[in-house]
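Here is a walk through a protein model, taken one feature at a time. Keep the structure open and follow along.

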Amino acid sequence: MKVSNILATKGTQVVTVRPEQTLKEVVRLLTQHNIGAVAVMDAADKLVGIISERDIVREAARSDDVLSRPVSAVMTSRVITGSPHDDVKAVVMTMTEKRFRHLPILDHGKLAGIVTIGDAVKATLNRYEGEIDTLQAQIGEG
Amino acid sequence: MSKPGTENQPLRVAILGSGPAAFYAAEHLFKQTGLVVEIDMFDKLPTPFGLVRAGVAPDHQKIKNVTKVFDGIASHPRFRFNGNVEFGRHITLAELREHYHQILYATGAQTDRRMNIPGEDLCGSHPATEFVAWYNGHPEYRHLEFDLSQERVAVVGVGNVAMDVARILSLSYKELAATDIADYALEALSRSCVKEVYLLGRRGPAQAAFTNPEVKEVGELEESDVIVRPDEAELDAVSQAELERNPDRTIQTKVKMLQAYAQRAPSAKPRKLTFRFLVSPVELRGDAAGRVESMKLVRNVLYLTDAGSVSPKATEQFEETPVGLVFRSVGYRGVALPDVPFNERWGVILNEKGRVLDPDSHRHRVGEYTSGWIKRGPSGVIGTNKPDSVETVNCMLEDLEGGAVLQPARPEVAAAAEWIQTRQPQVISYADWRRLDEMEVAKGKAQGRPRVKLTSIEEMLSALGR
């Protein structure tokens, strides 16, 4: 199973923000789309960072006016990215080991979507469930 | 208008396609307590089951046992199969909207991905999917011809489809004759001159997608030796480190089996099936007549991507291998349906968790859904389509609950039956299919085979006395 199989069922729209936008706007986007992170893109549409709920919470712990802070001051700018050809299994392993939950996917340098740890675990569970089901059908227990 | 799904007003669902994703969706819909649902399933072929009939290799009959599960689903009194009815030809989306509250596209991935290398379209270079459909008796592919007078064949790819193609080319007549391979394919393969089959993987043995039973099987062929180069069976440092970081018994077993093959002394069987790893074709070269005569390969090395997968990178080392026939098996791809939004990037219907999206507004197109390979792209085994279809059906149920369904003008079962009959008088019902099935199995029994397939629509209709 490839990352592209996950992105295929996530539409084509990816929620993004610019580095100069405020956390207030990010919080609104996270709520509106019911998501946990957004990709940060510069004026040339290049991925420059990612900002997650966790980044915002961490900032809130040390700042009183967290919501007026710019994205650029809070985002994670050293982002690990993936490609549509990456194996889902490897992705789950890497996200678990390195403890991050959102993996932006670049396709020929362009942002194609974000795979969450939830997406990747669900795809893995479906794979196992499917394999068990297929084996059961073969031995006539289906 | 009250919510459909009751005895007086059943929920009307059209499912396009009749492969695993289609049947698993029907199953999950029928499972809902308190929901009365009438399902009409359509297929452009007279026969159901999609790739279980036309894709799964003929020597893998056990995998086809899943059709018993599908028979059970089809026996539901509120289920109807409409075979030989093609979307976009006999029936349109506008018409479906007249008759159904919900429409589910489960048409699969019907074409192959290209290698995008020079010479790919030379004579003698084919998509593996066409060869598979041909030997499985798919009516639209039965007229194809493959030059089996060639001695050397390359199969590009190391998934189970590539493995199937390589194995079918390597089986003896006796082995093939025990399967339900199409008669014309059995005949053509009985005259095959193929002596060498190469299976080409761009990564190493640890990354090959074929599964262990398939690896075991090719070590036991009657007339073909399996060859693995010892240097290519050894794991490179990257794969070795990966396997230590993330131990996986299945992969370890696979690698061990391949390494054991590498140690085998070849016996004197008339054919050879050779695994190659860490090579990618970069060009197919042809003779003056435009026929493939060789393949240029580049050697790859492996590296770890940021996200942690093992990927190939081309080196400057090339080699050339004479081959007269090439099958590419580097992935399937979905085909767009008329009037249905398509996501070109992934080759699937534009969707979110199975809800079809409008390409402009990115909102859900009410009443339209998708599941299976046309939803997520090709991945997994037959059973993987079950959780996939369950996800889509759960969206359908949620939308039904929220009142977001189509408002068909003629939702009655009889009205749809009449309309289908008008559009395609030669519609095939499930009862018709069961008769065809019995005839195929009976004919097979007489020859000691699981079945002898009917492979043209005319043949099927005439067998039914039409």
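Start in chain A, at A:D55, which is buried, because its relative accessibility of 7% falls under the 20% cut-off. Remember that this is a predicted model. A:R58 is partly exposed, at 45% relative accessible area. How many residues separate the two partners along helix α3 of chain A? They are three residues apart, about one turn of the helix, and α3 spans residues 53–62.

Now step back and look at chain A as a whole. Six helices and five strands make up its elements. Read from the N terminus, they follow the order α-β-α-β-β-α-α-α-β-β-α. The C-alpha atoms fill a box of roughly 65 × 35 × 30 Å along the principal axes. Chain A has 142 residues, and 46% of them count as buried. Consider also the contacts in chain A with a separation of 6 or more: residues 24 or more positions apart account for 55% of these.

Turn to chain B and its salt bridges. B:R80 and B:E38 join their side chains in a salt bridge, 2.8 Å from N to O. B:R80 sits in strand β3 (residues 79–83) of chain B and B:E38 in strand β2 (residues 37–43) of chain B, so this pair ties together parts that are 42 residues apart in sequence. Are the two partners buried or partly exposed? B:R80 is partly exposed, with a relative accessible area of 23%. B:E38 is buried, at 8%.

A second pair in chain B is B:D437 and B:R451. Their closest N and O atoms are 2.7 Å apart, and the two form a salt bridge. B:D437 lies in helix α16 (residues 430–446) of chain B, while B:R451 lies in the loop between α16 and α17 (457–463) of chain B. The partners are 14 residues apart, and the pair links distant parts of the chain. Both B:D437 and B:R451 are buried. Elsewhere, salt bridges with shared partners connect B:E7, B:R12, B:E38, B:D40, B:R78 and B:R80 into one network. Over all chains, the count of salt bridges comes to 58.

Next, find the sheet in chain B. Six strands build an open sheet, with parallel pairing, in the order β6-β14-β7-β8-β10-β9. Which strands stand at the edges? They are β6 (125–127) and β9 (224–228) of chain B. Each has a single partner strand, so one side of each is left without a neighbour in the sheet. On average, neighbouring strands are turned by 20° against each other, direction ignored.

Look inside the sheet at one pair of strands. Strand β7 (residues 152–156) of chain B runs parallel to strand β8 (residues 196–200) of chain B, and five bridges join them. B:V153 stands opposite B:V197 in β8(B).

Helices pack on this sheet. Helix α5 (residues 128–135) of chain B touches β6 and β14 (325–328) of chain B, and its direction makes about 70° with that of β6(B). Helix α6 (residues 160–170) of chain B touches β7, β8, β9, β10 (271–276) and β14 of chain B. The direction of α6 makes about 175° with that of β8(B).

B:A133, B:W134 and B:Y135 of α5(B) make the contact with B:Y184, B:A185 and B:A188 of α8(B).

The other pair is helix α1 (residues 20–30) of chain B and helix α3 (residues 67–74) of chain B. Their axes come within 10 Å and cross at roughly 45°. The two helices are therefore oblique to each other. The crossing of α1(B) past α3(B) is left-handed. On the α1(B) side, B:P20, B:F23, B:Y24, B:A26, B:E27 and B:F30 take part. They meet B:V69, B:F70, B:I73 and B:A74 in α3(B).

Note on methods
Residues are numbered from 1 along each chain as its sequence is written. Chains are lettered from A and ligands numbered from 1 in the order in which they are written. This is a predicted model: local features need pLDDT of at least 70, side-chain atom pairs count only at pLDDT 80 or more; totals for chains, interfaces and linings use all residues. Side-chain values use heavy atoms; hydrogens and water are left out. A salt bridge is a side-chain nitrogen of Lys or Arg within 4 Å of a carboxyl oxygen of Asp or Glu. Helices (H or I, at least four residues) and strands (E, at least two) are DSSP runs, numbered from the N terminus. Buried means under 20% relative accessible area, exposed over 50%, partly exposed in between (1.4 Å probe, protein chains only). Two strands pair if DSSP finds at least two bridges between them. Axes are lines fitted to C-alpha atoms, for helices over the stretch in contact, and angles run from 0 to 180 degrees between N-to-C directions. Contact means heavy atoms within 4.5 Å. Angles under 35 degrees count as roughly parallel, over 145 as roughly antiparallel, 65 to 115 as roughly perpendicular and the rest as oblique. A crossing is left-handed if the near helix is turned anticlockwise from the far one by less than a right angle, and right-handed if clockwise.
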